[in-house]
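Hi there,

Here is the structure I promised to pass on to you. Have a look at it first, and then read on for my notes.

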Amino acid sequence: MADAKVIPFDDDRSRGSGSGNAAQRPARRRGTGSRRTGSAESVPVREVQPLPVRGAAEDDDAATRRATAPHSSEDADPGAGVDGGLERRIAGGLAFLRRRLTGDYEVDDFGYDAELTDQVLMSLLRPVYEKYFRVEVKGVENIPAEGGALIVANHSGTLPLDGLMMQVAVHDHHPADRHLRLLAADLVFVLPVVNELARKLGHTLACAEDAERLLAQGELVGVMPEGFKGIGKPFSERYKLQRFGRGGFVSTALRQGAPIVPCSIVGAEEIYPMIGNAKTLARLLGFPYFPLTPTFPWLGPLGAVPLPTKWTIQFGEPIPTDGYPPEAAEDPMLMFNLTDQVREQIQHTLYKLLVQRRSVFF
């Protein structure tokens with residue numbers, strides 16, 4: 001594997017352009033039925049007549065009316081509602097499998113699969129989010145209900161689980177049911193399996209061109225400017241923000257007039273306490289670092305299980321950028337000031353959350 005590198009967020013290399021439409025979940029049509037009703041005519045009896053013989057069609061109508069007639073509450077089966085709900089879930093699952101097998105689903109230009117994300121991938125991440133890390137979310141109302149916005153967060157934890165938990169937080173708690181599109185390093189897209197899953201979840205390469213396209217389409221874009229410097233820092237430097245690069249994310253937000261929402265994540269630093277870095281082994285494998293923790297690699301695969309820390313994710317008040325002129329995106333002093341403002345707000349919130357935290361695990 002070639003040496004992994006982080007493509008700078010403000011890289012000037014041009015990428016292919018195009019318009020991508022977010023995949024929409026196919027509408028589910030529900031069949032409707034109508035009950036047939038019949039009327040009996042009263043005929044005055046003047047003489048004894050032979051009894052009429054009903055035809056087969058009338059027998060079928062009578063059977064249909066008996067089958068579809070509403071039952072009283074006393075005769076209703078208490079488990080009918082549960083069985084009906086189970087049948088609907090099974091039918092929905094079979095329909096989902098049919099669409100996946102026949103290719104009757106949509107993805108956007110970046111590979112984002114909305115149906116697979118909502119019905120499968122989020123369902124797999126949600127137990128980790130709710131039961132294992134017990135994530136508490138604050139300030140989600142600060143994320144705009146519509147339009148493009150850039151969410152900037154701290155990065156930590158040796159493995160990038162913090163980005164995934166931030167995605168679940170936005171997906172499950174935002175009142176407008178918005179979805180977060182994360183910008184990831186190129187290492188993510190060269191790893192087998194991880195590459196496909198990341199694309200399906202809506203991740204894309206951390207470059208200015210992709211970020212601007214997503215913001216122009218009104219998407220929420222998530223970026224962690226610390227990159228490998230943040231996620232691979234030693235445990236002794238936990239919750240101390242690393243350098244935020246050259247302010248490329250600020251330039252992108254200014255070009256699109258998108259607000260910047262600072263995000264602070266507490267709890268991820270302790271899931272893999274990194275006490276060492278095997279640099280030689282990292283170079284051989286093409287990784288930016290090879291972590292040594294109290295459990296990994298000493299306990300083998302068991303050492304790769306993260307510690308069940310208690311997490312808090314807080315979204316701060318958005319910093320508007322639509323009031324600046326178009327040429328502001330090329331002003332290095334303005335970019336430096338806004339970058340420093342975002343970084344200081346995230347760092348201050350981290351310290352505040354740490355003071356409020358009772359325990360690493362509770």
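**A buried salt bridge and the rest**

At 13% relative accessibility, Glu219 counts as buried. Its salt-bridge partner is Arg181, with 3.7 Å between the closest N and O atoms. Arg181 is buried too, at a relative accessible area of 0%. This pair links distant parts of the chain: Arg181 sits in strand 3, while Glu219 sits in the loop between helix 6 and strand 5, 38 residues apart. Please keep in mind throughout that this is a predicted model.

If you take the contacts between residues at least 6 apart in sequence, 79% of them join residues at least 24 apart. The chain exposes about 20900 Å², and 56% of that comes from carbon and sulfur atoms.

Back to the charges: a search of the whole structure gives 14 salt bridges. One of them pairs Asp172 with Arg126, whose closest N and O atoms are 2.7 Å apart. Asp172 belongs to helix 4 and Arg126 to helix 3 (residues 114–132), so this pair ties together parts that are 46 residues apart in sequence. Asp172 counts as partly exposed, at 27% relative accessibility.

Another salt bridge joins Lys310 and Glu136, with the closest N and O atoms 3.7 Å apart. Here the parts tied together are 174 residues apart in sequence, because Lys310 lies in the loop between strand 8 and strand 9 and Glu136 lies in strand 1 (residues 136–138). Glu136 is partly exposed, at 37% relative accessibility.

Which of its residues are buried? They are Ala208, Asp210, Ala211, Arg213, Leu214 and Leu215. The buried residues of this helix pack against strand 2 (149–153), strand 3 (180–184), strand 4 (204–205), strand 5 (220–223) and helix 8 (248–256). After helix 6 comes Gly218, with a positive phi near 80°.

If you check backbone angles, here are some to look up. Asp177 is not a glycine, yet its phi is positive, about 55°. Asp177 is placed in the loop between helix 4 (161–173) and strand 3, and is exposed, with a relative accessible area of 62%. Val193, also not a glycine, has a positive phi of about 70°. Val193 is found in the loop between strand 3 and helix 5 (194–200) and counts as exposed at 59% relative accessibility. There is also a cis peptide bond between Phe296 and Pro297, with omega about 5°. Pro297 is part of the loop between strand 8 (291–292) and strand 9 (312–315).

On the surface, Leu86, Ile90, Leu94, Leu97 and Leu101 make up a nonpolar patch, and together they have about 530 Å² of accessible area. Ile90 belongs to helix 2 (residues 80–102) and is partly exposed, at 47% relative accessible area.

Lastly, the cavity search. Over the whole structure, one cavity of 30 Å³ or more turned up, and the largest cavity has a volume of about 60 Å³. The residues lining the largest cavity include Ser156, Thr158, Lys233, Phe235, Glu269, Tyr272 and Met274.

Technical notes. Residues are numbered from 1 along each chain as its sequence is written. This is a predicted model: local features need pLDDT of at least 70, side-chain atom pairs count only at pLDDT 80 or more; totals for chains, interfaces and linings use all residues. Side-chain values use heavy atoms; hydrogens and water are left out. Buried means under 20% relative accessible area, exposed over 50%, partly exposed in between (1.4 Å probe, protein chains only). Helices (H or I, at least four residues) and strands (E, at least two) are DSSP runs, numbered from the N terminus. Contact means heavy atoms within 4.5 Å. Patches are made of residues with over 30% relative accessible area and no salt bridge: like charges are joined within 9 Å, nonpolar side chains (Val, Leu, Ile, Met, Phe, Trp, Tyr) within 5 Å. Accessible areas come from the Shrake-Rupley method with a 1.4 Å probe; for residues, only the protein chains shown count as cover. A salt bridge is a side-chain nitrogen of Lys or Arg within 4 Å of a carboxyl oxygen of Asp or Glu. On a 1 Å grid over the protein atoms alone, a cavity is a set of points where a 1.4 Å probe fits but cannot get out, and a pocket is an open set with protein on both sides within 12 Å along at least five of seven lines; lining residues have an atom within 4 Å of a point. Grid points are joined across faces, edges and corners, and a volume is the space filled by probe spheres set on the points.
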